Amino acid sequence: MYVPLATLDRAVRLVDGLADLDDPDHFGGAVLPLLADIVGCDLVTFNEIGTAPWRVRFADHPVDSVHPDDHIRFAEHVHEHPLVNHYRQTGDGRPVKLSDFLSVVDLHHLGLYADFFGRVNVEHQLAFTIATPSTEVVGFALNRARRDFSEQDRDLVGVLRAPLMAALSRVKRRQQARAALVDLQHPPPPELSARELTVMLMVADGKTNAAIARALDISPRTIAKHLEHVYRKIDVTSRTAAAVKITGTRADTPQSHTTP
């Protein structure tokens, strides 16, 4: 696959821009504009589609391109959507196009087209999911009115899929770590950053530097640096002392007394 350097640069910036994101509710909005720019489309949406008809959530770009009433119409006809059905039946979230399953004529015969796609001027769609296979379909849909997506477009979003999946997983873990702060025995030191607190919660949970690095998708060396900063800020010299001071629990790991 040939990818122009400018497109590659935009793709790298998309992934890099998610490095410090810590709220899953902001994930779609952060990705959509750059994804639309990289691939080129009229409308791109981030969708969370559950099994119940009312369990459909959208984020769109350009913002407010899809009217709230159209969200309801989509939910009413989502059972007709060939891509959603493909993801549910196969668990394979790789990029697929409407034209893989339907001709334009067949598409126009669907109630989904009459009540939704036709209203938002969608004739062609390329989509992929970014969550592990489940009954809920979570992913992106790129849409065009005049021309279908190429195989190069499919390959490009296919390459982006894995880092986007990793980024969403990382954001959810950070949210869980923040939620865990509510259970601390006393308020955490205000001088610590959100990332430092996340690392220390994992330390207190008994995780090694390597395990924390894998969970946060950063290097063990970066974890060690975070711990050095924590020690200096709260005036301690070990993992165990830091964990006790911040969370009220000991860090009982093989690394407790030997590594930063």
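How many bridges join S4 to strand S5 (residues 137-144)? Six bridges join them, and the two strands run antiparallel; strands pair if DSSP finds at least two bridges between them. Welcome to a predicted model, in which local features need pLDDT of at least 70, side-chain atom pairs count only at pLDDT 80 or more, and totals for chains, interfaces and linings use all residues. Residues are numbered from 1 along each chain as its sequence is written, and side-chain values use heavy atoms, leaving out hydrogens and water.

**The chain as a whole**
- The protein chain holds 11 helices and five strands, taken as DSSP runs numbered from the N terminus (helices: H or I, at least four residues; strands: E, at least two).
- Of its 260 residues, 47% count as buried (under 20% relative accessible area; exposed is over 50% and partly exposed lies in between, with a 1.4 Å probe and protein chains only).
- Among contacts (heavy atoms within 4.5 Å) with a separation of 6 or more, 60% are between residues 24 or more positions apart.

- Towards S5, histidine 124 has arginine 144 as its bridge partner.
- Strand S3 (residues 96-97) also runs antiparallel to S4, joined by two bridges, and lysine 97 is the bridge partner of leucine 126.

**The nonpolar cores**
- The largest nonpolar core has 29 residues, and those with the most contacts inside it include Phe27, Phe140 and Leu142; such a core is a set of buried Ala, Val, Leu, Ile, Met, Phe, Trp, Tyr and Cys residues joined through side-chain atoms within 4.5 Å.
- Elements giving two or more residues to this core include helix H1 (5-16), helix H2 (27-39), S4 and S5.
- A second, separate core of 24 residues includes Val84, Val96, Val120 and Ala127.

**Helix H10**
- The 15 residues of helix H10 (residues 220-234) should span 21 Å, and the end C-alpha atoms are 21 Å apart, which agrees; the expected span is 1.5 Å times one less than the number of residues.
- Ile223, Ala224, His226, Leu227, Val230, Tyr231 and Ile234 are buried in H10.
- These residues cover an arc of only 160 degrees around the axis, which puts them on the same side of H10; the arc is that of the directions from the helix axis to the C-beta atoms.
- Arg221 and Arg232, on the other side of H10, are exposed.
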